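Let's take a friendly walk through this model, one region at a time. Please keep the structure open as you read.

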Amino acid sequence: MDFDTLFDAQLNELREAGNYRYFADLEREAGNFPHAVHRGGEMARDVTVWCSNDYLGQGQNPVVLEAMQAALARYGAGAGGTRNISGTTHAHIELERELADWHGKEAALLFSSGYVSNWATLSTLGARLPGSVILSDAMNHASMIEGVRHSRAEKVIWQHNDPEDLDRHLSALDPARPRIVAFESVYSMDGDIAPIAEICEVAERHGAMTYLDEVHAVGLYGPRGGGVAEERGLMDRVTVIEGTLGKAVGVMGGYIAASASLVDFIRSFASGFIFTTALPPVLAAGATASIRYLKHSNEERLSQRAQVAYLRRKLDLAGIPHMANESHIVPVMIGDAEKCRRLSDWLLDHHGIYVQPINYPTVPRGTERLRFTPSPYHTHAHIDALVDALSELWSQCALSRVSVAA
Ligand code: PMP
């Protein structure tokens, strides 16, 4: 059988639908964020990165880099084993303590990535709690969906950010069954924020546990960067807080923070935790340094918020439609996969602006978009250049503008 023909047929379908993904070959340069060198064919040129999830530039913070260099010199490269078999170093234990404190929980547990933490935790809870039901927000991330699927527990999808719909579903379930309400705080593609207090209130009334993905919020919200639950004084109302070390923390890895018993349960039963090599200690040390920094420095959070507000104001003045939300994510709606890709290519080739098109299946068809994530290091000049370039494109492509009252 010619397997490559089978693969190519499906890849061609993606290409025809405008959904084939290309990587941009970028060289991030420490100390020069949000600039990077883009290598396209023979050419190498400076670009401004507008779609990084290193939301606060922590991946280049000297405090983080120094901690990683010191850890590399002290511990060497890899962890050398799974967490149970020689892979646990003091750097891992220190980071787990730091994470538990960040979220006001008794304990925390590290995973290779945020994806793995969602997948491993939800699949283990659903599979190991007899008769359990997982109630999942309709817009939950793929890693949660995969975890729910793998658990083989009964699944209920409730309407996005709708506590009343959640209430209706919970009312129909036997209260003797363990019920797990899984949702996110900041949704990555629309940038909308969940009504966490209302969702917790509904879950508490029904005796269900809550599982909150704060991947796009940790580091960014709350007085110590503990996430939206911290900002809203709700950390003790949420049963499990899940996060990543790969976005605002600037390194890599994922985790959960919860009660000591729940963490011990996942540590003891989750195959996605047990049967894989531990994170390199150098990453753990970098994440610890980054979180300690973020707990005490508000400067980056405030400056990022100011840049987000400035970008939104400039887009409004230019009549460029963007999705309103309360977060740091600025989605500019295009509504067509091919057009979205062309706009992204044009920005890169003609303006040195790098923003990846966001197409199906990441977002529903017809809602294709460019998703901008201003950081504290994007200046007014960067933002002015971006909005001028978008405005030029809007005229060239005869895209519709919106008028916003001044
Ligand atoms: N949850 C959400 C909501 C995400 O958007 C992502 C990744 N984009 C993840 C989890 C996975 O996190 P990580 O990148 O650390 O694997």
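## A buried asparagine

Asparagine 140 is buried, because its relative accessible area is 5%, under the 20% cut-off for that class. Please bear in mind that this is a predicted model.

The asparagine 140 side chain has a polar contact, at 2.9 Å, with the side chain of serine 136.

## Around the ligand

Now turn to the ligand. Which residues surround the ligand? The shell consists of Ser113, Gly114, Tyr115, Asn118, His141, Ser143, Glu184, Asp213, Val215, His216, Thr244 and Lys247. By class, these shell residues split into 2 nonpolar, 7 polar and 3 charged. Helix 5, spanning residues 114–128, makes the biggest contribution to the shell, with 3 residues.

From a polar side-chain atom of histidine 216 to an oxygen atom of the ligand, the distance is 2.6 Å. For glycine 114 the atom concerned is a backbone N or O, 2.8 Å from an oxygen atom of the ligand. Lysine 247 has a polar side-chain atom 2.9 Å from a nitrogen atom of the ligand. How much of the ligand's accessible area does the protein cover? On its own, the ligand has 390 Å² of accessible area, and the protein covers 82% of that.

Next, have a look at the open sheet formed by 4 strands, which run in the order 1-2-3-12 with mixed pairing. Which strands lie at the edges? They are strand 1 (26–28) and strand 12 (353–354), each of which pairs on one side only.

Within this sheet, strand 2 (residues 35–40) pairs with strand 3 (residues 43–49) in the antiparallel sense, over 6 bridges. To find your bearings in the pairing, look for alanine 36, which stands opposite valine 47 of strand 3.

## The annotated domain

Finally, a word on the record. In an unreviewed entry, UniProt assigns residues 46–390 the feature "domain: Aminotransferase class I/classII large". In the model, this span, residues 46–390, is 46% helix and 15% strand. How far apart are the end C-alpha atoms of residues 46–390? They lie 19 Å apart.

How values were computed. Residues are numbered from 1 along each chain as its sequence is written. This is a predicted model: local features need pLDDT of at least 70, side-chain atom pairs count only at pLDDT 80 or more; totals for chains, interfaces and linings use all residues. Side-chain values use heavy atoms; hydrogens and water are left out. A residue is near a molecule or strand if one of its heavy atoms lies within 4 Å of it. A polar contact is a pair of N or O atoms within 3.5 Å; within protein, one must be able to donate a hydrogen and the other to accept it, and residues adjacent in sequence count only if both atoms are side-chain atoms. Accessible areas come from the Shrake-Rupley method with a 1.4 Å probe; for residues, only the protein chains shown count as cover. Helices (H or I, at least four residues) and strands (E, at least two) are DSSP runs, numbered from the N terminus. Ala, Val, Leu, Ile, Met, Phe, Trp, Tyr, Cys and Pro count as nonpolar, Asp, Glu, Lys and Arg as charged, and the others, Gly among them, as polar. Two strands pair if DSSP finds at least two bridges between them. UniProt positions are given in the numbering used here, feature names are shortened, and annotations may be inferred rather than shown by experiment. Buried means under 20% relative accessible area, exposed over 50%, partly exposed in between (1.4 Å probe, protein chains only).
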